[in-house]
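Please keep the model open while you go through these notes. Each point takes up one topic.

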Amino acid sequence: MSKLVIVESPAKAKNIKGYLGKGYEVIASMGHVRDLPSARLSVDVDNNFEPKYAVIKGKENFVKDLKKKADKADYVYLATDPDREGEAISWHLATLLDLDLDEKNRVTFNEITKHGVSEGMSNPRSIDIDLVDAQQARRILDRLIGYKLSPFIGQKIRRGLSAGRVQSVALRLVVDREEEIRAFKPEEYWSIDAKFTNPPGKKVFGAAIYSKSGKKLKIENKEQSDAILAELENESYVVSSVKKGSRKKSPTPPFNTSSLQQEASRRLSFQARRTMKAAQELYEGLDVKGVGTLGLITYMRTDSLRISDEARAEGNKYIRETYGEKYLPKKPRYYKTKGNVQDGHEAIRPSVPSITPDMIKGSVTTDQYKIYKLIWERFIASLMESCLQETVKVEITAGDYIFTTSGYTVKFDGFTALYEESKDDAKDEDSAPLPPLAQGDELKLKSILSNQHFTQPPARYTEASLIKALEENGVGRPSTYVTITSTIVQREYVKREGKQFVPTELGEAVTKLLEDKMPNIVNVKYTSKMEEDLDKIDSGDKDYIEMIRLYYDDFEKPLEKAKKDMQGVKIKLKEEETDEVCEKCGRNMVVKVGRFGKFLACPGYPECKNTKPLVLKTKAKCPECGGDVIEKKTKRGTSFYGCSNYPACNFMTWDLPSDDVCPNCGKSLFRRKGNVLYCPDTEGCGFTKPVSRKKS
């Protein structure tokens, strides 16, 4: 018998074919084959929101070939990804290929290993229509909101803008945080910090002033601080209390999609898209020297924290053999997932825990290795015994004043022998062990200083903290976080400053307009409730047509009112002025945005209608003719650099121009991969120098 298996990606197809062997043909659909055409609404609002699907442009020949293969095959298996999106792709394929929707032809693979593929093929089921309806409801709602709201935003602010069910909430979070920062008024406060030794000990340790006469101190200015220092001038310092205790520090759970993206951002400085690309490749399968070809991790789009008993046993075996029995907890640790999640498959873990990161290092890319190492260490650590710490809190009396200090020592390292989660606001609190101290010890004062501080505003969102906020608020789903964060940057609603997200004037204008006219679209609780209702469709607890109708009515009425109220109104943004002088009238030209992107225009319009292309100059000079080096874009939006005197000068490079010049010949230096500055002098100057990561 000939059997046709349809998956989503070529890499996955190749690896699954290797496990299935003869009698099977495995082909890739390359994602969706059918969707709502973008040229029109493609949803019949008056006919129960019926979607008008069509084969995606460019895939017509593929679908024809696929139909021929399906007709010739004795059996067709639909093996797309094990989530809502994958279920919908299988449904679209079944519809196009005229397959029986009640037939058990749907297979899923939680991991692309021999065991995982065998398990999936042994347990076929029919397509889960509830999952399909949940995906359709999301797709239709997103189309209705985006298709009808985006033109309104474009008419009122600027052509080409977009708004969406989830992206607009994400943008509002960033804008609201910026407003908090602007409204924040720093308050002055002072601390008094002392350094002591415990004679005859030589180890210096620190303590901070805490209270006076039993009341916690708040030192508001230098005058108060100086007065306290004067009172302490001749005081003796005696240990009045030593409290010892112990605490357990438990490991964090294995990754789900959100926590993987957050940790990769904090620890590796990876943007979410980069993280998910590497994770996708690890899931689909790679050829590992000495091991063979297999998927190295389980499916990477998941809310779940559950792991299989088989994986737990294999992880425990590794811990026992590598660290010893004492590193395994007496009772297995199980993690509970908060909220309403999709628990159809496991947390993200290594598919074969005995394959360590070192074993794959020479067979994979740097990004793949770093993400696998993160996933592997987090999984193994989640199975290990807690870290046991002995704590000590010390009070030191000086007259009416009390100083406090605390610290800890590690009694048993447990899981920290392998891995500890990083934090956005990491503090090195209580980290230094204290010297032996006992009640009644007289301490020798080494130094005492007052320090001025100011309260700090809330931190701007990073990609990691924004994803965390979306997850905590129940907005979006693991599969959408990458699209959400990248869209608000691509639309220039938000710009990146280092790791931080800063709203642009455009982003703030869009948010204010939506808050005023379409408040539900940017309401976190409303969007979270919509997400909950969408999840109820999964389990068959809600009819998806009724759900769409309810939210569409909530959306359409305020939109029609907003259009009526704002007829003829245009929101004007402040124009970005440049140093480029208009050669016709002498005014400084401004940046405008047109149908084909940004360009320079004279602000004197309509008296002066001068326009010209926007040229992004760098500080570097062309090594061949001395002209300006300017940034250019490929059709795909990738930056490269060339001489402003083109076509007279053909100099071009993908390497980033720097502000530095060559100490040997004085020409501009460029930065290539490996973070190395080099001189591109065509006569062979040859100067290079490495650049530290911090500087870059």
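1. Start with a definition. Two strands pair if DSSP finds at least two bridges between them. By that rule strands E23 and E24 (residues 628-633) pair, since three bridges link them in the antiparallel sense. Note that this is a predicted model.

2. Now look at the whole sheet. It is open and has four strands, in the order E23-E24-E25-E26, with antiparallel pairing. Strand E23 (616-621) and strand E26 (652-653) are the edge strands, and each pairs on one side only. Within the sheet, Lys 617 stands opposite Ile 630 in E24.

3. Next, the loop between strand E25 (639-643) and E26. Tyr 646 lies there. Is Tyr 646 buried or exposed? Tyr 646 counts as exposed, because its relative accessibility is 53% and the cut-off for exposed is over 50%. Glu 390 is 256 residues away from Tyr 646 along the chain, and their C-alpha atoms are separated by 69 Å.

4. Turn to the salt bridges. How many does the structure hold? There are 46. One of them joins the side chains of Glu 263 and Arg 266, at 3.1 Å from N to O. Both residues lie in helix H8 (residues 257-268), three residues apart, about one turn of the helix. Glu 263 and Arg 266 are both buried.

5. A salt bridge also links Asp 533 and Lys 536, with the closest N and O atoms 3.9 Å apart. These two residues are separated by about one helical turn because they are three residues apart in helix H16 (residues 524-538). Asp 533 is buried, at 1% relative accessible area. Lys 536 is partly exposed, at 35%.

6. Glu 583 and Lys 612 form a salt bridge too, and their closest N and O atoms are 3.0 Å apart. Glu 583 lies in the loop between strand E19 (576-581) and strand E20 (588-594), while Lys 612 is in strand E22 (residues 611-613), so the pair ties together parts that are 29 residues apart in sequence. Glu 583 counts as exposed at 55% relative accessibility. Lys 612, at 21%, counts as partly exposed.

7. Some salt bridges share partners. Such bridges join Arg 84, Arg 138, Asp 142, Arg 165, Arg 477, Glu 531, Asp 535 and Asp 538 into one network.

8. Last, the surface. Glu 187, Glu 188, Glu 220 and Glu 223 gather there in a patch of negative charge. Glu 223 lies in helix H7 (residues 222-232). Glu 223 is exposed, with a relative accessible area of 58%.

Key
Residues are numbered from 1 along each chain as its sequence is written. This is a predicted model: local features need pLDDT of at least 70, side-chain atom pairs count only at pLDDT 80 or more; totals for chains, interfaces and linings use all residues. Side-chain values use heavy atoms; hydrogens and water are left out. Patches are made of residues with over 30% relative accessible area and no salt bridge: like charges are joined within 9 Å, nonpolar side chains (Val, Leu, Ile, Met, Phe, Trp, Tyr) within 5 Å. Accessible areas come from the Shrake-Rupley method with a 1.4 Å probe; for residues, only the protein chains shown count as cover. A salt bridge is a side-chain nitrogen of Lys or Arg within 4 Å of a carboxyl oxygen of Asp or Glu. Lys and Arg count as positive and Asp and Glu as negative; His and the chain ends are not counted. The place of a charge is taken as NZ of Lys, CZ of Arg, CG of Asp or CD of Glu. Buried means under 20% relative accessible area, exposed over 50%, partly exposed in between (1.4 Å probe, protein chains only).
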